[in-house]
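Here is a short briefing to read alongside the model.

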Amino acid sequence: MHAVILAGGKGVRLRPYTTALPKPLVPIGDSHAILEIVLRQLATAGFRSCTIAIGHLGNIIRAYVGDGSQWGLDVDYVTEDNPLGTMGPLLTMRDDLPEHFLVMNGDVLTDLDFGALLRGHRGSDAPLTIATYRRTVSIDFGVLTTDEGQVVGFTEKPSMDYRVSMGVYGVSRNTLSGYTPGMPLGFDEVVLDLLAAKRPPRAHDFDGYWLDIGRPDDYDRANAEFSSLRGLLLKGA
């Protein structure tokens, strides 16, 4: 099984931590970087090769990861000279990718079984599989429903549940056909194109541990929780 890790972003929301370090290499706990945790998890899940899409401070990622042999992986790299979005880097390597592969952000902390997701995708007819997570959004106000200048409904501080993308996907190579290599391509654009073509993506619902380390508060939480979650996140690694 092959994985592509997207690690080319500047991590603007996580500054000042990412001023001198690429976001996937910020430390979690006493002895691990986020990217190292992800690579260990992929190896444990049965992946044998991985491509890392790098850009901002990519030379530091190359120096840290090397060829991946320390984790039992065969790692190569593709470089983004300009930001290409979530799916854009895949177009530059499309011809070298297997028929089905995993794609994930390099800053995701989760105990999701990456191998199970890819095997499920491979066994389906879906062009894209999206790992989803349930989020509850609380509204801190009384919500009004109005009609022609009159209040016709009222809910005090409601909560709403959503399934959100975890930043982990199963992708089929032919899903990328028709897009131009070297041009930016977002995940949102691909999903909307698939829906318009009546080729809906498949949902891989997950309710375990997931944290997208995008903001300082998320990073502080990850460090606070890691010691108690190390066995869960690095089981078998």
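Helices here are DSSP runs of H or I with at least four residues, numbered from the N terminus. With that in hand, helix 6 spans residues 216-233 and holds both Arg-221 and Glu-225, four residues apart, about one turn of the helix. Please keep in mind that this is a predicted model. Five salt bridges turn up when the whole structure is searched.

**Salt bridges within helices**

- Arg-221 and Glu-225 form a salt bridge, with 2.9 Å between their closest N and O atoms.

**Salt bridges elsewhere**

- Arg-134 pairs with Asp-161 in a salt bridge whose closest N and O atoms are 3.3 Å apart.
- That pair links distant parts of the chain, since Arg-134 belongs to strand 8 (residues 128-138) and Asp-161 to strand 11 (residues 159-172), 27 residues apart.
- Relative accessibility is 45% for Arg-134, which is partly exposed, and 49% for Asp-161, which is partly exposed too.
- Arg-163, Asp-205 and Asp-207 are connected in a network of salt bridges.
- As background, side chains of opposite charge can pair when their charged atoms come close.

- Helix 1 is largely enclosed by the rest of the structure, because nine of its eleven residues are buried.
- Among the buried residues of helix 1 are Ile-34, Leu-35, Ile-37, Val-38 and Leu-39.
- The buried set in helix 1 also includes Glu-36 and Gln-41.
- After helix 1 comes Gly-46, which has a positive phi, near 105 degrees.

**The second largest pocket**

- This pocket has a volume of about 180 Å³.
- Which residues lie nearest its centre? Of the 13 residues lining the second largest pocket, these are Gln-41, Thr-44, Asp-111, Leu-112 and Lys-235.
- Helix 1 and helix 6 are the elements that give two or more residues to the lining of the second largest pocket.
- By residue class, the lining of the second largest pocket divides into seven nonpolar, three polar and three charged.
- Leu-112 is in the loop between strand 7 (108-110) and helix 4 (114-122), and it is buried at 5% relative accessibility.
- Leu-112 and Ala-45 are 67 residues apart in sequence, with their C-alpha atoms 9.9 Å apart in space.

**A nonpolar surface patch**

- Val-137, Met-160 and Tyr-162 make up a nonpolar patch on the surface, and together they have about 250 Å² of accessible area.
- Tyr-162 is part of strand 11 and is partly exposed at 40% relative accessibility.

**Other pairs separated in sequence**

- Ala-131 lies in strand 8 and is buried, with 0% relative accessibility.
- From Ala-131 to Gly-170 there are 39 residues in sequence and 8.3 Å in space, C-alpha to C-alpha.
- Where is Asn-82? The residue lies in the loop between strand 5 (74-79) and helix 3 (88-92).
- Asn-82 is exposed, as its relative accessible area is 55%.
- Asn-82 and Pro-184 are 102 residues apart in sequence, yet their C-alpha atoms are 8.7 Å apart in space.

Definitions and conventions. Residues numbered from 1 in each chain as written. Predicted model: local features only at pLDDT ≥ 70, side-chain atom pairs only at ≥ 80, totals over all residues. Heavy atoms only, no water. Salt bridge = Lys/Arg side-chain N within 4 Å of Asp/Glu carboxyl O. Buried < 20%, exposed > 50% of the residue type's maximum accessible area, 1.4 Å probe, protein only. 1 Å grid on protein atoms, 1.4 Å probe; cavity = no way out; pocket = protein on both sides within 12 Å on 5 of 7 lines; lining within 4 Å. Points joined across faces, edges and corners; volume = space filled by probe spheres on them. Nonpolar A, V, L, I, M, F, W, Y, C, P; charged D, E, K, R; others polar. Patch = residues over 30% accessible without salt bridge, like charges linked within 9 Å, V, L, I, M, F, W, Y side chains within 5 Å. Areas by Shrake-Rupley, 256 points an atom, 1.4 Å probe, with all protein chains shown as cover.
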